Amino acid sequence: MSPQEIPTDIPAAVIVLAAGAGTRMKSRTPKILHPLGGISMVGHALAAAKGLNPAKLAVVVRHERDLVAGHIAGLDAAAQIVDQDEIPGTGRAVQQALDALDAGAEVSGTVVVTYGDVPLLTTELLAELVATHSADNNAVTVLTAVLDDAAGYGRILRDEADGTVLGIREHKDATDAEREIREINSGIYAFNAAVLRKALKNVTTDNNQGEMYLTDVLALARADGGRVAAVSTTDRWQVEGANDRVQLSALGAEHNRRIVEAWMRAGVSIIDPASTWIDSTVQLDEDVTILPGTQLHGKTTVARDAVVGPDSTLTDVQIAAGAEVTRTHGSGAIIGEGAHVGPFTYLRPGTVLGADGKIGAFYETKNVTIGRGSKLSHLGYAGDAEIGEDTNIGCGNITANFDGVNKHRTVIGSGVRTGSNTVFVAPVTVGDGAFTGAGAIVRKDVPAGALSMTVAPQRNAEGWTMANRPGSIPAQAAQNASN
């Protein structure tokens with residue numbers, strides 16, 4: 001959010017519930033750590049919560065506690081980790097979080113409760129919830145959504161006179177008339193801290209599931225004279241959680257659609273939005289063009305007038321202005337201004353291509369710095385190497401950098417021209433302006449301006465084909481040529 005968008009109604013605390021096992025994901029990875037748009041689901045939830053600038057932030061954990069807690073600490077070291085005990089239910093999770101937040105000084109003001117598996121929820125919608133809660137002096141304000149099909153969700157029951165919330169009716173307990181209601185409970189709330197603290201003391205596990213339900217707080221608050229109201233959104237995706245991989249995929253597709261649309265509105269040409277995937281962490285300039293089948297991940301950046309794709313997957317790649325990257329798989333690389341990469345190129349970490357340079361078809365690079373205007377056009381490998389400016393590396397060249405135990409570097413100067421199928425056996429240095437002959441195996445340093453050749457006499461065995469392959473197509477061709 002920009003400084004002008006920071007909410008003025010600052011909550012005293014935000015509690016993020018992230019203790020669930022997520023068994024329906026059928027995964028060794030905790031549900032909330034599954035990624036969406038390059039960020040874990042809980043990462044999205046924390047970003048939305050932190051956008052409110054709360055005085056305190058707590059995350060309730062249980063399943064795979066150490067793994068989840070470590071991940072959260074990496075996202076926000078200031079977030080307070082709270083361990084949920086054996087008593088099940090969202091009410092108990094919130095009670096333990098509030099107890100932990102109260103340590104030292106009791107929390108007063110607004111407490112927001114949200115979830116670690118609602119990745120499309122935005123700070124803006126949470127801020128609207130908090131602002132309404134404060135402006136109307138509510139005891140509880142619940143975030144609701146209006147769905148075309150509300151089957152399976154808890155329905156919001158409203159007072160017909162003033163529109164306040166009477167309660168929440170679970171689908172299985174609802175009457176036929178109540179099931180016609182399309183407004184559903186998201187499970188996301190803003191509470192008055194004192195009301196929440198008092199009500200939680202009276203929430204029991206006396207129900208079929210044996211859980212402390214947070215929804216019970218609404219009825220208790222209303223019975224105590226508090227005003228219970230709702231903020232409703234028509235954007236159902238903001239309150240959708242992911243309980244299995246089908247729902248995660250649907251959320252991921254919607255998240256990507258929003259990212260792609262936002263970049264197009266910011267001046268990026270995306271030819272086929274349906275086949276383009278862009279992580280939340282990617283940065284694009286105006287007048288960038290993204291061609292179909294492109295995936296941009298991690299901290300990838302693309303500068304003005306660059307063209308990426310088609311059919312390219314780039315992770316943590318920096319692309320300068322005017323560069324073109326075609327049918328390339330790359331990670332941890334830097335592409336200079338006006339440079340060309342591809343097609344069918346594999347950029348591995350540590351690749352740095354200078355301005356106006358080229359890495360062409362069927363080339364693999366790793367830990368190599370390539371100077372301005374130098375070209376590695378086709379069918380080769382360059383690893384652990386430094387190449388100067390305006391050098392042309394011929395077809396089929398490789399740097400043999402590994403001796404079976406250690407890696408060694410190859411240094412090739414500026415203005416060098418290498419013949420096809422040259423092999424540089426590292427460690428070796430080739431001076432500025434040097435040449436190599438076709439098929440050269442460079443084992444020793446080459447002085448500046450020198451020609452390096454590997455010379456072996458050519459021997460022609462006359463009549464070999466007809467003698468050794470009689471009756472074959474080549475033998476017939478040779479026979480015809482000799483007539």
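Which domains does the domain assignment of the chain give? The assignment, which is automatic or taken from a database, gives domain 1 (13-239) and domain 2 (267-452), and the C-alpha centres of domain 1 and domain 2 lie 49 Å apart.

This is a predicted model, in which local features need pLDDT of at least 70 and side-chain atom pairs count only at pLDDT 80 or more, while totals for chains, interfaces and linings use all residues. Residues are numbered from 1 along each chain as its sequence is written, and side-chain values use heavy atoms, with hydrogens and water left out.

For residues 14-144 an unreviewed UniProt entry lists "domain: MobA-like NTP transferase", an annotation that may be inferred rather than shown by experiment. Over this stretch the chain is 36% helix and 23% strand, where helices (H or I, at least four residues) and strands (E, at least two) are DSSP runs numbered from the N terminus.

The helices α3 and α5 pack at an angle of about 125°, with their axes 10 Å apart; the axes are lines fitted to C-alpha atoms over the stretch in contact, and angles run from 0 to 180 degrees between N-to-C directions. Contact here means heavy atoms within 4.5 Å.

| Helix | Range | Residues in the contact |
|---|---|---|
| α3 | residues 90-102 | Gly 91, Val 94, Gln 95, Leu 98, Asp 102 |
| α5 | residues 193-200 | Ala 193, Leu 196, Arg 197, Leu 200 |

The UniProt annotation "binding site", also from an unreviewed entry, covers Asp 117 and Asn 243. These span 127 residues in sequence, yet no two of their C-alpha atoms are more than 8.1 Å apart, so they gather at one spot. Asp 117 is found in the loop between β6 (110-115) and α4 (123-135).
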